[in-house]
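Thanks for coming. I will go through one structure, starting with a single residue and ending with the place where two chains meet.

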Amino acid sequence: MLMREGLRLVLEQAGFTIAGVAEDAAELVHRARELQPDLVLADIRMPPDHTDDGLRAVLRLRAERPELPVIVLSQHMQRRYASELLESGERSVGYLLKQRIADLDTFVGDMHRVVDGGTVLDPVVVAAMIDRPRPGDPLAGLTGRQREVLALMAEGRSNAAIAERLHLAEKSVVRHASHVYAQLGIEESRQGHRRVLAVVQYLSR
Amino acid sequence: MAAAPDTMRSAAPSERTAGRGRLGSLADALVVVGLGALLVAGTEIAIVLHQGGQYAWLTALFPVVALVYVGAGLLAWRRRPSSRLGLLIVLAGGAILVSSLADLDTPATGAAGAIAQTVVFAVIVQLLLAFPTGRLYERAERRVVAAVYAVSLLLQPPAYLFAPDGALSIADRPDLVDAGLEVQRAVGAVVVLATSALLVRRMRRARDEQRRVLVPLFAYGIFTVLFIPVSSALNDTVFGGSTYWLGVSQLAVVALVPVVFVVAASRGGFERTGDIAELGAWLGADEVARPGLREALAATLGDPSVQLLFRVPGEDALVDEHGRPAVVPTHAGRGVVEVGLGGRAVGAIAYDATLLDRPEEIREAGRVVALALDRQRLTVELRASRARIAAAADDERRRIARDLHDGLQARLVFLAVQARTTADPSAVQAGIQAAIDELRALVEGVMPAPLTERGLPAALEDLRDRLPTPIALRITGLDHRMRPDIETAAYFVVSEAVVNAVKHAGPATVAVSLERTDDRLRLEVADDGSGGVRAGGGMRGMADRVHALGGELAVHSTAGGTRVRAVIPCGS
């Protein structure tokens, strides 16, 4: 409630128009169908069950309209939620920790990326996937730089964005990326947005 | 009366626990009997002393001896309600009281006294043959007892019917009195010999540990039953016809009889069936009214220091009735006998080995009460685990309060100060971010969000993601959610076991497997670390949780690794 009103205030200031607000998961589905918004922003935990109602509502909406841009906010990091969201369609999906709202500029930027068809995964989620210990870890063969590139790929950044973030030439990013693909055994032909799912699926194994 | 303090000590607790039940009312009845005897004896003594005479004080001693019988009998009765021994000793005291009536100068009392004159002798014979249960089991014994009562009651009449005076005298015929006395003595001699023969036979048949008790008792008994008639018969030659010395010596011999019986009875174990019958009676008694198991065992074994010890899961040592580990100092003369039920150790009985060093007997008593002991063990276990669960909840609250107070609150206070003083909002924002992280970690520790949101598999995957050691997770049959209490218990068992392993045992891998069948959730956490995990500590709390759900938890730890297994019933 507090969260919802705070968010409405902040987003209106940032230039968004709030088409509608839902009290619970059922209402969220209903209103999203009715209002056809440009973006659905949902908390994973919602009434009535306070379990993962929000996520299930969003997945239902995505099943009806796979290109509907959605961002799901979570109190905590859960790898499985990210995978499920990406499996509902790789474009226009975001999974962020609630606390990201505090950094409003980044948050608004992420919202725009999702509306524009991009993918946004919380860095904490990605870090947890990459740092997760596995028997016979294939990531052990990656250099530090390659790991950074892998993490940003998983977060949904484009090669251009990665180059800018890491102060590299885009060519070097492409080179690092192909090395990562080779190391992980992922088909390089998967380009663009599809690579996030490939990477995340790989990391979730 | 060496046995008396002992007897009273062991009787005292049973009175407290018995309350107003069966034993309470028995105790009341015994008090009434005792007071009645005291009243009669007091009256007799007062009248005898008032009447005066050369041997008035000696005559007054008979009621005193009667009181010794009644007192000793009441103690024995109270101590072993299912034995008739106490009753018989009290009856013997009563017989002496009645026979003492003869010394009062009234026709009625004289008559009663004259009839009951030698009954005490018969009761003593019955006491000896009926030791220790108070019952006669063999036909020979019953015949001898019948004969001795015949001698004392049916062969007595000539002595008072043909006496020179007295209320019952019908003729003064000293010749008939003498003839009657001859017959009584002759038949009496046969009965005494038969009694002695039976007692000697029993001593010879007895086991060694019984003989220890039986020999002194029966030896004294045979001496008594021989001494009374023989001393009477030989009065003229031995005591020079002095009724004074005859009276004193017979009184002394008779007075010692109840003392000897109570000493023998207090040494316990003289007749195994007697003891077991006592415990059997206890088992059958009303549970609310009967004294505790420990008190019953203490009374039966004649050892007030008897202790009950219990074997509870997750505890290496035996525990006492409060669930605390019990230390039994065997060097200080304590013996311990294990009690098993259906091949599984349920507890032990600790006893004073200097007082009664007969482990076989205690083992047998243990077999009789094994079920009751096991039940008490369950109560002890339940009480202890409840206490631990409550304590664990309190600890958890304290920890949360401390984390909130020392961590989050301190951080927020600092942020409030910083927000006033600093010109840099990003520092404040970073502080708020840290506070949020801390709050999330705290909530996560109390109840992991994925467990609430998605159930066990998601929560365990999440747990795996957060640990530095590779965890192999194998989950089958968990497509549907289970009851929250089962999910929570299973989650915390796995997380406790996994975190323990990662923290202390330094394993290369940890394998976690969960399998749900129709009505059971089996879980196992196995690592290849250095082992040394004990069932206590955090694992104990987990075991309590599992037990509370009707499940079982086992920890098996060796140098090659640790394996924690739990089964939780989850029939839907």
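Asp122(A), leaving aside its neighbours within four places in sequence, is in contact with Tyr95(A), Leu96(A), Leu97(A) and Arg100(A); contact here means heavy atoms within 4.5 Å. Asp122(A) sits in the loop between strand 4 (119-121) and helix 6 (123-131) of chain A. Helices (H or I, at least four residues) and strands (E, at least two) are DSSP runs, numbered from the N terminus. The relative accessible area of Asp122(A) is 0%, so this residue counts as buried. The cut-offs are under 20% relative accessible area for buried, over 50% for exposed, and partly exposed in between, with a 1.4 Å probe and protein chains only.

Before I go on, the conventions. This is a predicted model, in which local features need pLDDT of at least 70 and side-chain atom pairs count only at pLDDT 80 or more, while totals for chains, interfaces and linings use all residues. Residues are numbered from 1 along each chain as its sequence is written, chains are lettered from A and ligands numbered from 1 in the order in which they are written, and side-chain values use heavy atoms, with hydrogens and water left out.

Now chain A as a whole. Chain A has 10 helices and 4 strands, in the order α-α-β-α-β-α-β-α-β-α-α-α-α-α from the N terminus. Of its 205 residues, 50% count as buried. Among contacts between residues at least 6 apart in sequence, 61% join residues at least 24 apart.

Next, helix 7 of chain A. Helix 7 (residues 144-155) has 12 residues and reaches 17 Å from its first C-alpha to its last, close to the 16 Å expected at 1.5 Å a residue; the expected span is 1.5 Å times one less than the number of residues. Its buried residues include Gln146(A), Val149(A) and Leu150(A). After the helix comes Gly156(A), with a positive phi near 100°.

Which residues does His176(A) touch? Not counting residues up to four places away in sequence, they are Arg145(A), Gln146(A), Val149(A) and Leu168(A). His176(A) lies in helix 9 (residues 170-184) and is buried at 17% relative accessible area.

Then some backbone details. Most residues other than glycine have a negative phi, and most peptide bonds are trans. Ser92(A) has a positive phi, near 55°, in the loop between helix 4 (79-87) and strand 3 (93-97). At 5% relative accessibility, Ser92(A) is buried. His167(A) also has a phi near 55°, but His167(A) is exposed at 74%. The peptide bond from Pro47(A) to Pro48(A) is cis, with omega near 5°.

Last, the interface. Chain B and chain A give 22 residues each to the contact. Together they bury about 2000 Å², 42% of it on carbon and sulfur atoms; buried area is the accessible area (1.4 Å probe) that two parts lose on being put together, summed over both. There are 4 salt bridges across the interface, each a side-chain nitrogen of Lys or Arg within 4 Å of a carboxyl oxygen of Asp or Glu. One of the salt bridges joins Arg80(A) and Glu461(B), at 2.7 Å, N to O. On chain B, the elements giving two or more residues to the side that touches chain A are helix 16 (425-446), helix 17 (449-454) and helix 18 (456-466).
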